[in-house]
Amino acid sequence: GSCAERLPPLVAGGGSAALAVNGDGTIVGGLASPSLDAPASVPVRWAHIMEQWQITQLDHRPGGAWGANALGDLAGRVVVPCALENGCSRATIWYAEGGSVELGTLGGAESWARGINASDEVVGGSTAENGVNTGFFWSEWSGMLKLPVKGQWAAANAVSDVRPDGTRLVVGMDAQGQALVWVIRNP
């Protein structure tokens with residue numbers, strides 16, 4: 001059979017959403033209200049420790065975590081101040097061992113991460129200089145790379161671990177609602 005277990009909120013009575021889980025089910029990422037009157041949720045990590053779920057707030061800024069890898073590193077977004085009225089999203093990695101890094105953009109105002117693999121390579125979407133959303137692949141060695149697409153825009157949603165031939169697969173979709181797969185070679 002199956003059962004449901006409620007994950008603890010940051011504050012009693014506060015809302016939350018689980019959005020990512022690592023392979024062995026010990027780390028869950030998502031977002032939660034930091035207070036009962038908060039206008040926006042913040043990124044959080046739930047860790048299953050000694051048969052109990054514990055929640056940790058990852059950042060004080062609004063955002064959420066949408067991807068998890070086997071180590072428990074999470075990828076998502078935070079909102080930073082910018083010229084836009086409600087701020088700008090920035091793709092972010094939160095490492096299981098502590099610390100985080102913002103990934104930047106492809107020249108536009110915003111970026112958001114959706115997936116992370118065991119090598120801490122991240123995929124997601126970003127606005128380009130022309131303001132159009134497009135998919136990206138990021139690694140510590142290559143920085144943020146635009147994924148090629150024919151048409152208006154694309155979004156990258158998940159990335160495989162590095163395969164035996166040294167490639168990894170990135171999956172997503174384009175503006176016409178068509179599923180896409182990119183093969184990334186030695187970024």
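Two strands count as a pair if DSSP finds at least two bridges between them. With that in mind, let's walk through this model, which is predicted.

Start with strands β13 and β14, the latter covering residues 167-174. These two pair in the antiparallel sense, and five bridges join them. That passes the cut-off of at least two bridges, so β13 and β14 count as paired.

Now widen the view. Which strands make up the sheet, and in what order? Three strands form an open sheet, arranged as β13-β14-β15, with antiparallel pairing. The edges belong to β13 (154-159) and β15 (179-185), each of which has a pairing on one side only. If you turn the model in your viewer, look at how the strands lie against each other: neighbours in this sheet are turned by 35° on average, direction ignored.

Next, let's visit two loops. Between β3 (42-49) and β4 (52-57) you will find Glu51. Glu51 is not a glycine, yet its phi is positive, at about 65°. The loop between β9 (107-116) and β10 (122-128) holds Asp120, another non-glycine residue with a positive phi, here about 60°.

Are these two residues buried or exposed? Glu51 has a relative accessible area of 72%; because exposed means over 50%, Glu51 is exposed. Asp120 has a relative accessible area of 18%, and since buried means under 20%, Asp120 is buried.

Terms used:
Residues are numbered from 1 along each chain as its sequence is written. This is a predicted model: local features need pLDDT of at least 70, side-chain atom pairs count only at pLDDT 80 or more; totals for chains, interfaces and linings use all residues. Side-chain values use heavy atoms; hydrogens and water are left out. Helices (H or I, at least four residues) and strands (E, at least two) are DSSP runs, numbered from the N terminus. Axes are lines fitted to C-alpha atoms, for helices over the stretch in contact, and angles run from 0 to 180 degrees between N-to-C directions. Buried means under 20% relative accessible area, exposed over 50%, partly exposed in between (1.4 Å probe, protein chains only).
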